[in-house]
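Trainee: Could you walk me through reading a model, one feature at a time?
Mentor: Gladly; here it is.

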Amino acid sequence: MINPHLSWSQPHSLRLSADKRSYEVDLNQIPTKPGVYVFYRNHGSTFKALYVGKADNLRNRIKQQLNNHRLMVGIQEAPNGARLLCFGELQLRPGQDSAKAQLAAEKLMIRHFIEEGHVLFNQQGVQRRVQTLINVRPPALKKLIPLSTQIEA
């Protein structure tokens, strides 16, 4: 088992560029190490993840994504709220393969957000297809069986 470890940053605000076609962030505050990143929005006390990605070099990959027109349009068209970015630096253990740990961390974060009901974009900037299981359960199973759960279709 890989069991990746991530050390997360504070949120970074995304600023709309002068041409209003993309977003900007201070790239100097982003490390060049491997990890996982999340573009999300925050409105009051709620937040919604919009996109989860992995990177060998967080700074370079996030810079590339800021130039991904489809993704930026998806983020811009998301419901109200501040647009933010956070990233988790991969903390490798001795002998751990970076690529495998990145992939596992990305998949686990995507699964987490989908299970929580977040609507994520995929690499092509379109929403991921999600399948939902709805459970009708007796009170005795309240702690065991969820009301609903979602996975990527």
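The dialogue below takes up helix faces, helix caps, aromatic pairs, salt bridges and backbone angles.

Mentor: One thing before we start. This is a predicted model.

Trainee: Which residues of helix α1 are buried?

Mentor: Helix α1 covers residues 58–66, and its buried residues are Leu58, Ile62, Gln65 and Leu66. Look down the axis of α1. These residues fall within an arc of 100°, so they line one face of the helix.

Trainee: Next, helix starts. What should I look for there?

Mentor: Look for a side-chain oxygen that reaches a backbone nitrogen. At the start of α1, Asn57 supplies a side-chain oxygen, within 3.2 Å of the backbone nitrogen of Arg59.

Trainee: Which residue caps the N-terminal end of α2?

Mentor: Asn68 does, with a side-chain oxygen 3.3 Å from the backbone nitrogen of Arg70. The side chain of Asn68 also reaches the backbone nitrogen of Leu71, at 3.1 Å.

Trainee: Where is Asn68 placed? Is Asn68 buried or exposed?

Mentor: Asn68 sits in the loop between α1 and α2. Its relative accessible area is 19%, and Asn68 is buried. The cut-off matters here: buried means under 20%.

Trainee: On to aromatic rings. How is a pair described?

Mentor: A pair of aromatic rings is described by the distance of the centres and the angle of the planes.

Trainee: How many aromatic pairs does the whole structure have?

Mentor: A search finds four. One of them joins Tyr37 and Phe39, with 5.9 Å from centre to centre and 80° between the planes. That pair is edge-to-face. Tyr40 and Phe47 have ring centres 6.5 Å apart and planes at 85°, so this pair is edge-to-face.

Trainee: Which of these rings belong to buried residues?

Mentor: Take them in turn. Tyr37 is buried at 0% relative accessibility. Phe39 is buried, also with 0%. Tyr40 is buried at 11%. Phe47 is partly exposed at 44%.

Trainee: Which residues form one aromatic cluster?

Mentor: Tyr37, Phe39 and Tyr51.

Trainee: Now charges. What is the general idea?

Mentor: Side chains of opposite charge can pair when their charged atoms come close.

Trainee: How many salt bridges does the structure hold?

Mentor: Two. Lys33 pairs with Glu89, and their closest N and O atoms are 3.9 Å apart. Lys33 lies in the loop between β4 and β5, while Glu89 lies in strand β7, so the pair ties together parts that are 56 residues apart in sequence. Lys33 is partly exposed at 47% relative accessibility. Glu89 is partly exposed at 21%.

Trainee: What about Arg111 and Glu115?

Mentor: Their side chains meet in a salt bridge at 3.0 Å, N to O. Arg111 and Glu115 are four residues apart in helix α3 (residues 98–115), and about one helical turn separates them. Glu115 is partly exposed, with 34% relative accessibility.

Trainee: Last, backbone angles. How do I read a positive phi?

Mentor: Asn3 has a positive phi of about 45° and is not a glycine. Asn3 lies in the segment before β1 (6–8). At 47% relative accessibility, Asn3 is partly exposed.

Trainee: And where does Lys20 lie?

Mentor: In the loop between β3 (15–16) and β4. Lys20 has a positive phi of about 60°, and Lys20 is not a glycine either. Its relative accessibility is 55%, which counts as exposed.

How values were computed: Residues are numbered from 1 along each chain as its sequence is written. This is a predicted model: local features need pLDDT of at least 70, side-chain atom pairs count only at pLDDT 80 or more; totals for chains, interfaces and linings use all residues. Side-chain values use heavy atoms; hydrogens and water are left out. Buried means under 20% relative accessible area, exposed over 50%, partly exposed in between (1.4 Å probe, protein chains only). Helices (H or I, at least four residues) and strands (E, at least two) are DSSP runs, numbered from the N terminus. The arc is that of the directions from the helix axis to the C-beta atoms. A polar contact is a pair of N or O atoms within 3.5 Å; within protein, one must be able to donate a hydrogen and the other to accept it, and residues adjacent in sequence count only if both atoms are side-chain atoms. Rings of Phe, Tyr and Trp (its six-membered ring) pair if their centres lie within 6.5 Å; planes under 30 degrees apart count as stacked, over 60 as edge-to-face and the rest as tilted. A salt bridge is a side-chain nitrogen of Lys or Arg within 4 Å of a carboxyl oxygen of Asp or Glu.
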